[in-house]
Amino acid sequence: SNTAKTWDTLGAKDPDQCLHKVQEKLKLRLRSKFGNISEGIAQSGKQRLLYSIYTELFITEGGSEGVNNEHEVRQMEATSRTQRSHDIQMNCNDIFKPLLREEKLIRTVLTKGIAGIGKTVSVQKFILDWAEGKANTDVHLVITLSFRDINRKEYKEYSLLELIHHYFPEVKEIKSDLDKLKVVFIFDGLDECRLTLDFLNREEWFDVEESTSLDVILVNLINGNLLPSALIWITSRPAAASQIPDECVHRVTEIRGFNDSQKEEYFKKRFGDQDLATRIISLMKKSRSLYIMCHIPVFCWISATVLKKSLESQEGSQAIPTTLTQMYTQFLLIQTKRKNKKYHGTSERNQNKMPQSDRDIILKLGNLAFQQLEKGNLIFYEEDLNECGIHVSDTSVYSVVCTEIFKEEDVMLEEKVYSFVHLTVQEFLAALHVFHVYKNSKTNLLDTKLDTTLTMFELHKSAVSKALQNKNGHFDIFLRFLLGISLNSNQKLLQNILEQTDSSSDNTDETIKYIKKRISSSISPEKSINLFHCLNELNDSSLMQEIQNYLSSGRLSEETLSPTQWSALVFVLLTSEEVLDVFDLKKYIRSEEALLKLLPVIKLSKTAMLDQCELTGQCCEDLASTLSSNFSNLKELDLSNNDLEDSGVKLLSVGLQNPHCKLETL
């Protein structure tokens, strides 16, 4: 048998029987670990069977190529419009299987997806289906390690075999010759890796029994020097995925979260009451920006929690959130009230005053959220908590107060790591901390050079500047929350935490004017779109309403639009419920200026009808750039009956030759 030498055969007459025993022990542990799924924190006691709530995610072959420098939520808001039938969808259990008529061997799969989109849950489903004999039955062993597990072993040396035995003592009978078995290694959360993975200069390593540093083990396992017969699955947020060289990856997949039908399926599974599920789906659809956010499974859970409570309350429709800030504010308050009712017997109706201990804990978590957001960290260790006055001995208290906001997680062995349930929860609490410090000491944490006579407008101005200057969109959603918290209505909801709230209100009119001014300046379309979301958080929809009126009346072609109005038109079209598979410029304004302003919309369309639009060769360089974009979806382009001339067509041909160009018909 090929497996004979793999076992320490003292007392083992049948190697296949030994393999079966090892598999059963491993599968028992994996079923125990991954059979339940926690929405929020595991200690809350609200674990559900994975199969009872799991909704198949939208996993696509290929994914978005290149590096996208937008905030992850902005990336999701953009790609939410591009989930089309031409995408190749696949089940998580099939990621190593070749597509129809595809003959290449798929050894290493890299799966990308923004924070909270469902990467870890997909891994969990793959493992559970294998452990229960439902899929991939030809696989002998599944070894799963998250990068947050192995970060703390950074300075220790292991052999590959020792590393496996360290985390999975169930397979200690396996001594060598792993290459005779079909083994799947799953490395979850590359973005959380604190090791330096240097694929160019790392020492080559081939021996599974010889010890070396973990970074050498990982690099050589991924590039195929160590155990070339193994299958490797790596998950990562998009920005960190480029750490793995293209030549080491045989398939790239992308998890885009829920499409519209999957959102509805989630809510129906989440609630046994189908009438309640239907009402909640209807409410979500009324706010286009919130409904788009439901592509993120964690946001579906947050929305389900808040809207169920809103429908049960006596306040009726007034309690229904319509902005991101309102949703997260209500979510924070619901979790705190649940804790007081559960542990102190407090009636939710009589919770007008928040206990000081709860307030202190939330503010400390806000401080932690802001400090770590500035550093770009989503997971934290004990020393990070200590810096903010949060002591590990009290973590059970913190978990109780923010039952499903902040989570403590045991990694594979004794180590604990901490995180917020989602990046957006961290950003909300970070914004709450910055606003609280401003309210209580007039200090601007975003620009400590400013004096203490700070006005709210100055705080907003520095936050807008910080978001616009950040190339990767790092503070875009933080900015939305900070502006939203500044509204009197939200301050009133948060009064037990903020304490210092002005009944007279700080006027946000100056901020709204400033944001509109920045929209009209020469900022990127992506930054402009985020500023429109900011206006929405401030309850100002005047620009969008103006454009909607033009569109509905058919007068748009007669108008001379300002730069701000052009940006508003792009925002309205990109966030419209209508699917823009075919974009026809003639429906708007026939001009070169209109084409250049609307390129962000054209890029996301499959077909662009630009015929008879008075175009010249001057627009062809910009069109070529659009065709060359990693993120362009254009398959068909009609430029007939325009005056492009030979010079324009030559410029256009540069885009056609680009390997990223997807155009099929010109």
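**Close-up 1. Helix H17, a mostly covered helix.** H17 is mostly covered, with 10 of its 14 residues buried; buried means under 20% relative accessible area, exposed over 50%, and partly exposed in between (1.4 Å probe, protein chains only). You are looking at a predicted model, in which local features need pLDDT of at least 70 and side-chain atom pairs count only at pLDDT 80 or more, while totals for chains, interfaces and linings use all residues. Residues are numbered from 1 along each chain as its sequence is written, and side-chain values use heavy atoms, with hydrogens and water left out. The helix runs over residues 456-469 and reaches 20 Å from its first C-alpha to its last, close to the 20 Å expected at 1.5 Å a residue; the expected span is 1.5 Å times one less than the number of residues. Helices (H or I, at least four residues) and strands (E, at least two) are DSSP runs, numbered from the N terminus. Among the buried residues to look for are Met456, Phe457, Leu459 and His460.

**Close-up 2. Helix H11, enclosed by its surroundings.** H11 covers residues 297-312, and its 16 residues reach 23 Å from first C-alpha to last, close to the 22 Å expected at 1.5 Å a residue. Because 12 of the 16 residues are buried, H11 is largely enclosed by the rest of the structure. The buried residues include Phe299, Trp301, Ile302 and Leu307, as well as Ser310.

**Close-up 3. The salt bridge between lysine 182 and aspartate 138.** Here the closest N and O atoms of the two residues are 2.4 Å apart. A salt bridge is a side-chain nitrogen of Lys or Arg within 4 Å of a carboxyl oxygen of Asp or Glu, and by this rule the count comes to 19 salt bridges. Lysine 182 sits in the loop between helix H6 (160-167) and strand E7 (183-188), and aspartate 138 in the loop between helix H4 (119-131) and strand E5 (141-146), so the pair links distant parts of the chain, 44 residues apart. Lysine 182 is partly exposed, at 29% relative accessible area, and aspartate 138 is partly exposed too, at 43%.

**Close-up 4. Further salt bridges to find.** Lysine 180 and aspartate 179 meet through their side chains in a salt bridge of 3.5 Å, N to O. Lysine 180 is partly exposed at 32%, and aspartate 179 is partly exposed at 40%. Another salt bridge joins the side chains of lysine 635 and glutamate 664 (3.9 Å, N to O). Lysine 635 lies in the loop between helix H27 (620-627) and strand E16 (636-638), and glutamate 664 in the segment after helix H28 (645-657), so this pair ties together parts 29 residues apart in sequence. With 62% relative accessibility, glutamate 664 counts as exposed. Elsewhere, Asp584, Lys586 and Asp611 are linked in a network of salt bridges.

**Close-up 5. Phenylalanine 370 and leucine 445.** Phenylalanine 370 lies in helix H13 (residues 356-375) and counts as buried, at 6% relative accessibility. Phenylalanine 370 and leucine 445 are 75 residues apart in sequence, with their C-alpha atoms 9.5 Å apart in space.
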